[in-house]
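Good morning, and thank you for coming. Please look at the sequence and the structure as I show them.

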Amino acid sequence: MNYEDALPDLYILPDIDSNTVTVQWSRPKTATTPFQWRIVDGSKTVASGRVAAAVARCSIIAAIKNCKLWSPDSPHLYMLTLTWKAGRETISIEQQFGMRKISVNDGRIHLNNEPFYIRGFIRGREAHDHPNLLGLTPTEYYEKNIRAAKAFGFNFVRFHSKVPPRAFFDAADRLGIMAHIEVRKYFGKYQAERDMLDHEPNLVNPALWKKTILEVRNYPSLMAYCLGNEINSPGRQPEVVERKKQLDKLDRSRLFIDTCARGEYDRSNVDYDVQHMG
């Protein structure tokens, strides 16, 4: 079972500096037994234990000795399994995760405490994507694209005005490529809709922002959250500050950028920038 249905606020937070991973989730009201948990590396169990069913907010810190790091060049994955009972029904969820760290130091993006040079391409909007002409499954469709991109030396993909589905992240986690997502969507014709969007009450609806973060924050391939493309004067938008505060409460292990293009020199909330039209 995917965790999104049973444990929608499951949070897996790796710490490569201490060789530990923190896992948190809210106990479902239907849970009637302690939670059994296990972390597996291939066929080997590297950590396991149990959490009492009586606590409302469950949390574990598991040590992974000599942990293997996740990167585009070496996308090593661990598997977390959580099992419990709801009455007579046994429920078990699995979620892969990677031990990796994304940070900015001395003005440079770092992955696993080493400088990370981005070589990226774009997908997402109709103008930057292609249809599934071969009739592949969603997983096969994204695997094909990622393999081709890596063959050309790319290690990063920006999703223009789009959050890709789980099929992309599952493939990206396994094959090794970093992703930038943009939550503010464009609909319909590309230019005609922009003025309409600029007059909506929110750049990004707070509920949608939270929902998106909860859905994607456990994927090691996710590098950055972006509000959206070509937002005017982001440094003077109070909502940008609010969305950054909201993100910090939900996931501080990724990078944040307010917008791609049209950025100015009054932005204190972003972790990195793009040069085109900046």
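I shall speak about a few strands, one glutamate and some salt bridges.

Let me begin with the basis of the values. This is a predicted model, in which local features need pLDDT of at least 70, side-chain atom pairs count only at pLDDT 80 or more, and totals for chains, interfaces and linings use all residues. Residues are numbered from 1 along each chain as its sequence is written, and side-chain values use heavy atoms, with hydrogens and water left out.

We turn to strand 12, residues 156–159. Helices (H or I, at least four residues) and strands (E, at least two) are DSSP runs, numbered from the N terminus. Phe156 and Arg158 point one way from this strand, whereas Val157 and Phe159 point the other way, and all are buried. Buried means under 20% relative accessible area, exposed means over 50%, and partly exposed lies in between, with a 1.4 Å probe and protein chains only.

Glycine 120 stands opposite phenylalanine 156, and arginine 158 has histidine 180 of strand 13 as its bridge partner.

Strand 13 also contains glutamate 182. Is this glutamate buried or exposed? Glutamate 182 is buried, with a relative accessible area of 0%. A polar atom of its side chain lies 2.8 Å from the backbone nitrogen of serine 161. Such a polar contact is a pair of N or O atoms within 3.5 Å; within protein, one must be able to donate a hydrogen and the other to accept it, and residues adjacent in sequence count only if both atoms are side-chain atoms.

Finally, the structure holds 15 salt bridges. In a salt bridge, a side-chain nitrogen of Lys or Arg is within 4 Å of a carboxyl oxygen of Asp or Glu. One of them joins glutamate 215 and lysine 211, with the closest N and O atoms 2.6 Å apart. These two residues are four apart in helix 5, which means that about one helical turn separates them. Glutamate 215 is partly exposed at 33% relative accessibility, and lysine 211 is partly exposed at 47%. Aspartate 258 and arginine 267 form another salt bridge, at 2.5 Å between the closest N and O atoms, and both residues are buried.

Terms used:
Pairing = 2+ DSSP bridges.
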